[in-house]
Amino acid sequence: MAMDTGAFLTKLEMVTTSDHSSVVSMNLFVALLCACIVIGHLLEENRWMNESITALAIGLGTGIVILLTTGGKSSHLLVFSEDLFFIYLLPPIIFNAGFQVKKKQFFRNFMTIMLFGAVGTLISFAIISLGAIHFFQKMNIGSLKIGDILAIGAIFSATDSVCTLQVLNQDETPLLYSVVFGEGVVNDATSVVLFNAIQSFDLYHIDSVIALQFIGSFLYLFITSTMLGVLAGLLSAFMIKKLYFGRHSTDREVALMILMAYLSYMLAELFYLSAILTVFFCGIVMSHYTWHNVTESSRVTTKHAFATLSFVAEIFIFLYVGMDALDIDKWRFISDSPGKSVAVSSILLGLVLVGRAAFVFPLSFLSNLTKNSPHDRISLKQQVTIWWAGLMRGAVSMALAYNQVFGLMTKPLVRILLPPSKQITSVISSEPSSPKSVIVPLLSNGHESEADKGSQHVTRPTSLRMLLSIPSHTVHHYWRKFDDSFMRPVFGGRGFVPFIPGSPIEDVVQWH
């Protein structure tokens, strides 16, 4: 009995020591997060730095200190798991991107986004896969099957929305932001379908039937993921509009919005859909309907709560990545064959460059054919920026730290190629974007005021451009009519919210 009690006390002491070590690690990590925010704020005007670069640098410095104090055994304060990233950190980042996105810009460029995200990813995948087959066979790096090489192509044609959000700013470059981030969202669905197809289909007997199955899988994943997010957003809007939570408690409104958004993400994971697509479109729908149904205090709270959660999650990721870049096990693996590791990385980097160039410039040309206004076209400088941004996004599987080296160069590159002007600034500031403004339509109908028409030089578009642009304007026009006649009376939104003291409609009435 005495021995059992002694063993129990020994185990209890070990558990207590382990818990205390975790508490110490968490304290240090939270202190480093605070340091990242403060230093990032002080370096905000620096052309090379932003919060993610600052967090990465602090993580590298902290990793070096931990390596020295542990005798080279570890560079981490915490153990980072895949579940922590995909279940807890990624959802608030993507949801906030959908919640804050300039919907007018996003849907105006929807066809371009689909071209880049779906067709462009397939082109990049084909070039990376063919290049890998050609070079890896000559390098004799091991017994790679055709499925392994195609999996490499699918992985390296994938994008990384987290890095994109940190480098680009939708207020400074709205067109560029909507195209690059929208491509990343659609690319997620394409990459998932590609990878699943490689794992499940017989790659040695590809025929028209398998090709049609692949297309069907992509359409199923994209449509079902999008509809799940839309339904979750509409359900939250309907419940808040009908039950008037804000009459009694704004906390319930905020809690319901947060939980419904997270539920949409987890349901997508449960049914093996694209959770990124789901939570992104859930954010768009919530900002268009649900956000207008809550009280003024809830609107302010949700806007800043979502932005804060996203901001902290991004800083957390890059701080850990800085430490992980010095992981001793990774460097030990590379040191066994440094020449071959550098060669493989260089080849993959070159293939990512070529793969992106092969679709960015041709698809941008096709997209520009559908645009009437020069401001809506993707200029050559913007195309170069999109192509360059693909370096940090396509190489996500190498390491996020490796990507951020290119993120460091992307910020000044955007300023050099796309310097802000007074004209652009005035256009950006005059464009409303929910949830920052009370009066925002989901899609514009393409009509201009008489003053705008008189101040612009009207050029006759080519027949091809008219043919390609008319469907877009038609969709916008009929969507507005459908939204005003059927959607907003049921789910709420601007102009369709019951009058409640302290609600958003009270401010709208005062404006009139």
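Helix α5 has a kink of about 35 degrees, centred on G120. The bend at a residue is the angle between axes fitted to the seven residues ending there and the seven starting there. Helices here are DSSP runs of H or I with at least four residues, numbered from the N terminus. This is a predicted model, in which local features need pLDDT of at least 70, side-chain atom pairs count only at pLDDT 80 or more, and totals for chains, interfaces and linings use all residues. Residues are numbered from 1 along each chain as its sequence is written, and side-chain values use heavy atoms, with hydrogens and water left out.

Stay with α5. The helix has 30 residues and reaches 41 Å from its first C-alpha to its last. That is close to the 44 Å expected at 1.5 Å a residue. The expected span is 1.5 Å times one less than the number of residues. After α5 comes N140, whose phi is positive, near 55 degrees.

Now look at the partner of α5. Two packed helices are described by the angle between their axes and the distance between the axes. The axes of α5 (residues 110–139) and α14 (residues 338–368) come within 8 Å and cross at roughly 150 degrees. Such axes are lines fitted to C-alpha atoms over the stretch in contact, and angles run from 0 to 180 degrees between N-to-C directions. The crossing of α5 with α14 is right-handed. By class, their contact has 21 nonpolar, seven polar and one charged residues. Ala, Val, Leu, Ile, Met, Phe, Trp, Tyr, Cys and Pro count as nonpolar, Asp, Glu, Lys and Arg as charged, and the others, Gly among them, as polar.

Next, a loop residue. S157 is found in the loop between α6 (146–156) and α7 (161–167). Its C-alpha lies 6.1 Å from that of T121, although the two are 36 residues apart along the chain. S157 counts as buried because its relative accessibility is 6%. Buried means under 20% relative accessible area, exposed over 50%, and partly exposed in between (1.4 Å probe, protein chains only).

Helix α11 (residues 275–293) is kinked too. Its kink is about 50 degrees and is centred on M286. α11 is mostly covered, with 19 of its 19 residues buried. Y272 sits in the loop between α10 (250–270) and α11. Y272 is not a glycine, yet it has a positive phi of about 60 degrees. Most residues other than glycine have a negative phi. Y272 counts as exposed because its relative accessible area is 72%.

Finally, the cysteines. The structure holds zero disulfides, a disulfide being a pair of cysteine sulfur atoms within 2.5 Å. For C34, the nearest cysteine sulfur is that of C36, 9.1 Å away. C34 is found in helix α1 (residues 2–42). C34 counts as partly exposed because its relative accessibility is 46%, whereas C36, at 0%, counts as buried.

Methods: Helix = DSSP H or I, 4+ residues; strand = E, 2+ residues; numbered from the N terminus. Left-handed = near helix turned anticlockwise from the far one by under 90°.
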